[in-house]
Amino acid sequence: MKATMKDVAALAGVGVGTVSRVINGVKVKEITRKKVEAAINELSYEPDEYARALKTNRSNTLALILPTIWHPFFSELAYYIEEELSKKGYKLYLCNADGDPEKEYEYIQMVKQNKVDGIIGITYSDVDKYVSSNLPFVSIDRHFSEDVTYVTSDNFAGGMLAAKELVMRGCKSVAYIGGFSPFPNETVNRREGFLAYCRDKKIPFKILDMPEPITDLQDQILRFIKENDTIDGIFTVNDFMGLTVLETLETIGKTPPKDFQLIGFDGVRMAQERKYTLSTIAQSVPLMATTAVDAILNKIKGVEVPKRIILPVTFVSNGTTIQKE
């Protein structure tokens with residue numbers, strides 16, 4: 001017969017209310033918590049999640065909104081967020097928005113309908129009016145008009161670091177290649193940091209910055225490189241753009257690091273055990289995931305969370321830059 005909360009309470013020598021508090025994560029004495037957890041394990045007791053949700057007005061479920069599941073960075077982030085939530089007794093809805101604001105709106109409504117307790121979101125759509133400061137929502141990179149918490153890497157420092165690494169490896173004429181969203185987000189600071197370093201050190205630079213959605217990307221890159229044929233170092237807004245630059249310049253016989261050096265941003269890997277795809281300014285995806293999870297769970301509990309949480313980045317050399325002695 002299936003064990004009940006009363007059975008757990010009797011075995012642990014505590015009241016049913018104490019068992020309920022332990023199950024729902026409410027703080028109790030350490031010795032009491034261990035007794036209850038031991039009884040739960042011995043009886044193989046499984047809490048009724050649906051009943052818990054009705055009683056506590058919590059579903060113990062979060063939603064993660066992604067622009068696409070096809071981008072390795074987003075997939076890796078989803079993996080680590082799910083891992084972290086699982087440790088904390090939460091389940092995850094993975095919401096693939098695919099650039100559709102209507103989908104994102106429907107996902108945001110899930111919080112208001114108590115289907116999920118909160119949302120972690122990477123959004124590039126016009127959903128600003130649906131996201132308010134009293135909504136349990138944590139954003140990655142993008143900021144909104146209201147005081148919504150967002151987690152981001154130090155993009156400005158990353159841009160500066162990319163410029164510094166190219167110059168230290170002998171580049172004399174550098175370029176930034178990227179795209180920009182119509183909606184405000186922190187990734188524009190990658191370009192700003194790169195340009196700030198170049199201006200400060202008086203390094204010649206060129207910019208190819210394209211409004212999104214980008215059309216004829218390879219043609220634009222080829223035209224840019226042909227018009228600026230002295231460029232010997234390139235920093236791209238992300239690794240995917242870097243890979244496109246690689247493929248495009250290969251069509252005219254240029255390969256790194258012999259003909260030019262290239263640094264991306266993100267730290268994209270095609271598998272957990274694989275190296276990065278190119279030299280890159282790497283974000284710590286596990287740290288971003290745990291930080292976002294801690295922030296959203298604190299918001300759900302009513303704990304004050306900073307509006308802007310900035311995480312460090314590092315440079316990783318992987319074949320598209322000259323190795324230093």
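Leaving aside its neighbours within four places in sequence, which residues is T244 in contact with? Hi everyone, let's start there, and please keep in mind that this is a predicted model. The residues in contact with T244 are L217, Q218 and I221. T244 itself sits in helix α10, which covers residues 239-250. Its relative accessible area is 16%, and because the cut-off for buried is under 20%, T244 counts as buried.

Helix α1 is residues 5-12 and helix α2 is residues 16-23, and their axes come within 8 Å and cross at roughly 105°. That makes α1 and α2 roughly perpendicular to each other. On the α1 side, the contact is made by M5, K6, V8 and A9, and on the α2 side by V16, V19, S20 and I23. If you sort the residues of this contact, you get six nonpolar, one polar and one charged.

Next, the sheet. It is an open sheet of six strands with parallel pairing, and the order is β2-β1-β3-β4-β5-β11. At the edges stand β2 (91-96) and β11 (308-311); each has a single partner strand, so one side of each has no neighbour in the sheet. From one strand to the next, the twist averages 20°.

Let me zoom in on one pair. Strand β1, residues 61-66, and strand β3, residues 118-121, run parallel and are joined by four bridges. Here A63 stands opposite I119 in β3.

Finally, look for helix α11, residues 285-301. Helix α11 lies across β1, β3, β4, β5 and β11, and runs at about 160° to β4.

Technical notes
Residues numbered from 1 in each chain as written. Predicted model: local features only at pLDDT ≥ 70, side-chain atom pairs only at ≥ 80, totals over all residues. Heavy atoms only, no water. Helix = DSSP H or I, 4+ residues; strand = E, 2+ residues; numbered from the N terminus. Buried < 20%, exposed > 50% of the residue type's maximum accessible area, 1.4 Å probe, protein only. Contact = heavy atoms within 4.5 Å. Axes fitted to C-alpha atoms, helices over the stretch in contact; angles between N-to-C directions. Parallel < 35°, antiparallel > 145°, perpendicular 65-115°, else oblique. Nonpolar A, V, L, I, M, F, W, Y, C, P; charged D, E, K, R; others polar. Pairing = 2+ DSSP bridges.
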